[in-house]
Amino acid sequence: LGVCVKPNTTTALEQDALREIANIGAGHAASMLARLVGGVGVMLDVPRIMPGGVVAMTTLLGGAGNTVVAVKLNIEGGLRGHMWWVLPKEDARRLGGRLLRRPALHGHLSGDEHSALAEAANVVASACLSAIGQMSRVPLLPSTPQLFEGDVSDIVAREEQGSPPLVLESSFFSTDAPTFGGQLVLTFDSLSLAVLMEKLGLRGSV
């Protein structure tokens, strides 16, 4: 799960609170993903806060030339933003095989694998946003997922509109074979970030 925040616009206390929000959301997402693939362990790295924008997002997700499967969902409800669930192509293939309970195929991902990954992203996003919504007392829901496959720089340049002030990012990885790993990234627009801070008691009413 990822959240990026510009250091010069947030205090250390606010960044700690955002990391905690990201950690809780990503933790629920990881638990749900573990259930979807049969109860295997899914571990998380410590969430990171980074500047937003197309260039920063591209670098965060592996840089130009990195082929990925990326699922984008809009964050709807009391806050506005985006959630990205991104896996390197081979990791996505292995995860798709686990979701479908069959050995991973070779070549291009099949329609069944795309559908399984998109549905998993929807379930994982719902768990993440529900946890964040409960903590911040703001109802949050994911939109219908959009799945993309290709060079991360092309996907981000085409799909990431505007320049969110910060990005929250958390990497996840499975603990048994066939292994898979990826990133969960959250971005909020400036107004939603201010609302979130206010709901957490860190800023005055916006």
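**Entry 1: Q183**

I began with a side-chain pair: Q183 makes a polar contact with E169, side chain to side chain, at 3.0 Å. The model is predicted, so I kept in mind that side-chain atom pairs count only at pLDDT 80 or more. Next I looked up where Q183 sits, and found it in strand β9, residues 181-188. Buried or exposed? Q183 has a relative accessible area of 12%, and buried means under 20%, so I noted Q183 as buried.

**Entry 2: the whole chain**

I stepped back to the protein chain. I listed six helices and nine strands. The C-alpha trace spans about 55 × 35 × 25 Å along its principal axes. I then checked the radius of gyration. A compact globule of 206 residues would come near 17 Å; this chain has 16 Å, which agrees.

I looked up burial too. Buried residues are 52% of the 206. For contacts with a separation of 6 or more, 71% are between residues 24 or more positions apart. The accessible surface is about 8700 Å², and carbon and sulfur atoms hold 55% of that.

**Entry 3: nonpolar cores**

In soluble globular proteins, nonpolar side chains tend to be buried together. I looked for such groups here. The largest nonpolar core has 45 residues. Those with the most contacts inside this core are L18, L33, M83, W85, L95, L168 and L186. I also noted which elements give two or more residues to the core; among them are α1 (12-36), β5 (81-88), β8 (167-174) and β9. Which element gives the most? Helix α4 does, with nine residues. Apart from this core I found another, of 13 residues, including M57, A70, V152 and V185.

**Entry 4: helix α4**

I turned to α4, residues 111-136, and checked its length. Its 26 residues should span 38 Å at 1.5 Å a residue; the end C-alpha atoms are 37 Å apart, which agrees.

A127 is in α4. At 14% relative accessibility, A127 counts as buried. I looked for its partners beyond four places in sequence and found H28, A29 and M32 in contact. A26 is 101 residues from A127 along the chain, yet their C-alpha atoms are separated by 8.6 Å.

N122 is also found in α4. I noted 22% relative accessibility for N122, which counts as partly exposed. Not counting residues up to four places away, N122 touches L73, P142, S143 and P145. I also looked up K72: it is 50 residues from N122 in sequence, and the two C-alpha atoms are 9.5 Å apart.

Just after α4, R137 takes a positive phi of about 60°. R137 is not glycine, and I placed it in the loop between α4 and β6 (140-142). Is R137 buried or exposed? At 58% relative accessibility, R137 counts as exposed.

R101 also has a positive phi, near 60°, and is a residue other than glycine. I found R101 in the loop between α3 and α4. Its relative accessible area is 55%, over the 50% mark, so R101 is exposed.

Last, I looked at the peptide bond joining A177 and P178. The bond is cis, with omega about -10°. P178 lies in the loop between β8 and β9.

Methods:
Residues are numbered from 1 along each chain as its sequence is written. This is a predicted model: local features need pLDDT of at least 70, side-chain atom pairs count only at pLDDT 80 or more; totals for chains, interfaces and linings use all residues. Side-chain values use heavy atoms; hydrogens and water are left out. Helices (H or I, at least four residues) and strands (E, at least two) are DSSP runs, numbered from the N terminus. Buried means under 20% relative accessible area, exposed over 50%, partly exposed in between (1.4 Å probe, protein chains only). A polar contact is a pair of N or O atoms within 3.5 Å; within protein, one must be able to donate a hydrogen and the other to accept it, and residues adjacent in sequence count only if both atoms are side-chain atoms. The expected span of a helix is 1.5 Å times one less than its number of residues. The radius of gyration is taken over C-alpha atoms; the globule rule is 2.2 Å times the number of residues to the power 0.38. Contact means heavy atoms within 4.5 Å. Accessible areas come from the Shrake-Rupley method with a 1.4 Å probe; for residues, only the protein chains shown count as cover. A nonpolar core is a set of buried Ala, Val, Leu, Ile, Met, Phe, Trp, Tyr and Cys residues joined through side-chain atoms within 4.5 Å.
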